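Student: I have a new structure to look at and would like to go through it. Can we start with the side chains?

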Amino acid sequence: MPERQAELATSLARLRTRIADACTAAGRDRADVTLVAVTKTYPVSDVLHLARLGVRDIGENRDQEAAPKAVAVAAEGESVRWHFVGQLQRNKCRSVVGYADLVHSVDSVRLAGALGRAAQRYREAPLDVLVQVSVDGDAERGGAVEAGEDDRQLDRVADEVAGSAALRLRGVMTVAPLDWTPERAFARLAEIADRLRAHHPDATLVSAGMSGDLEPAIAFGATHLRVGSALLGNRPTLR
Ligand SMILES: *Cc1c(COP(=O)(O)O)cnc(C)c1O
């Protein structure tokens, strides 16, 4: 086994133990939690190692990086599910709908509209989408907000996604605010997810929890963990 693959196997084993322990502590079924490996800044070879170790859900946050990686991984004959987890610009929608299996970060009516039109034109199967929520109501960092009447209002964003024949509203995502405890953030997200599900029964997915806060995310019902550094190592630059 190449050295890097052995290194990834070691950190993956450690991470899987953390996830299993957190599921046990929360009384949850391990099969209900999907690990998404966020490979931004790491090379295609790492995606291939992870796929061969059984991690086939891969997250990226920039189209400029994700699109060529998706091409390269496919060219190696490996099949993975691509998760787009970063801020998405409307002019990248056409590219993203070409490879993404789940977009975690739809946070405005205008973006949902653009993504729906791109998916309609350039995809065969509908695209699964999560609405990214800003749990503290601060829309600066990205995320739809509960209050207000504008383009970023959560119910409006959800309705725009649900109203598109080319998109499927599958749930919610958040990044915990730095000045909140993860427990508070993920409890808030769980409430929002419940409320959304009352109107949209297929919106069952909850994307929450990263390297530092996956245990509380699991305790509060996360179905998708987005883990970068705990698996791949510390990134040279924070992004
Ligand atoms: C980079 C990134 C992650 C992974 O963060 P780590 O702390 O490295 O686990 C998760 N979610 C998003 C949106 C990211 O951009």
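Student: Is Asp46 buried or exposed?

Tutor: Asp46 counts as buried because its relative accessibility is 2%; buried means under 20% relative accessible area, exposed over 50%, and partly exposed in between, with a 1.4 Å probe and protein chains only. This is a predicted model, in which local features need pLDDT of at least 70 and side-chain atom pairs count only at pLDDT 80 or more, while totals for chains, interfaces and linings use all residues. Residues are numbered from 1 along each chain as its sequence is written, and side-chain values use heavy atoms, with hydrogens and water left out.

Student: Which side chain meets Asp46 in a salt bridge?

Tutor: That of Arg4, at 2.8 Å from N to O. A salt bridge is a side-chain nitrogen of Lys or Arg within 4 Å of a carboxyl oxygen of Asp or Glu. The pair links distant parts of the chain, with Arg4 in helix α1 (residues 3–26) and Asp46 in helix α2 (residues 44–52), 42 residues apart. Helices (H or I, at least four residues) and strands (E, at least two) are DSSP runs, numbered from the N terminus.

Student: And Arg4, buried or partly exposed?

Tutor: Arg4 counts as partly exposed because its relative accessibility is 22%.

Student: How many salt bridges are there in the whole structure?

Tutor: A search finds 17. One of them joins Arg170 and Asp128 at 3.7 Å, N to O. Arg170 sits in strand β6 (residues 167–173) and Asp128 in strand β5, 42 residues apart, and the pair links distant parts of the chain. Both Arg170 and Asp128 are buried.

Student: Which residues are joined into one network?

Tutor: Glu146, Asp155, Arg188, Glu191 and Arg195, through salt bridges that share partners.

Student: New topic. What surrounds the ligand?

Tutor: The residues around the ligand include Val38, Lys40, Ser211, Gly228 and Arg235; a residue is near a molecule or strand if one of its heavy atoms lies within 4 Å of it. By class, the shell has four nonpolar, three polar and three charged residues. Ala, Val, Leu, Ile, Met, Phe, Trp, Tyr, Cys and Pro count as nonpolar, Asp, Glu, Lys and Arg as charged, and the others, Gly among them, as polar.

Student: Where does Ser211 come in?

Tutor: A polar atom of the Ser211 side chain is 2.5 Å from an oxygen atom of the ligand. For Gly228, a polar backbone atom lies 2.8 Å from a ligand oxygen. Arg235 has a polar side-chain atom 2.8 Å from an oxygen atom of the ligand.

Methods. Polar contact = N/O pair within 3.5 Å; in protein donor to acceptor, adjacent residues only side chain to side chain.
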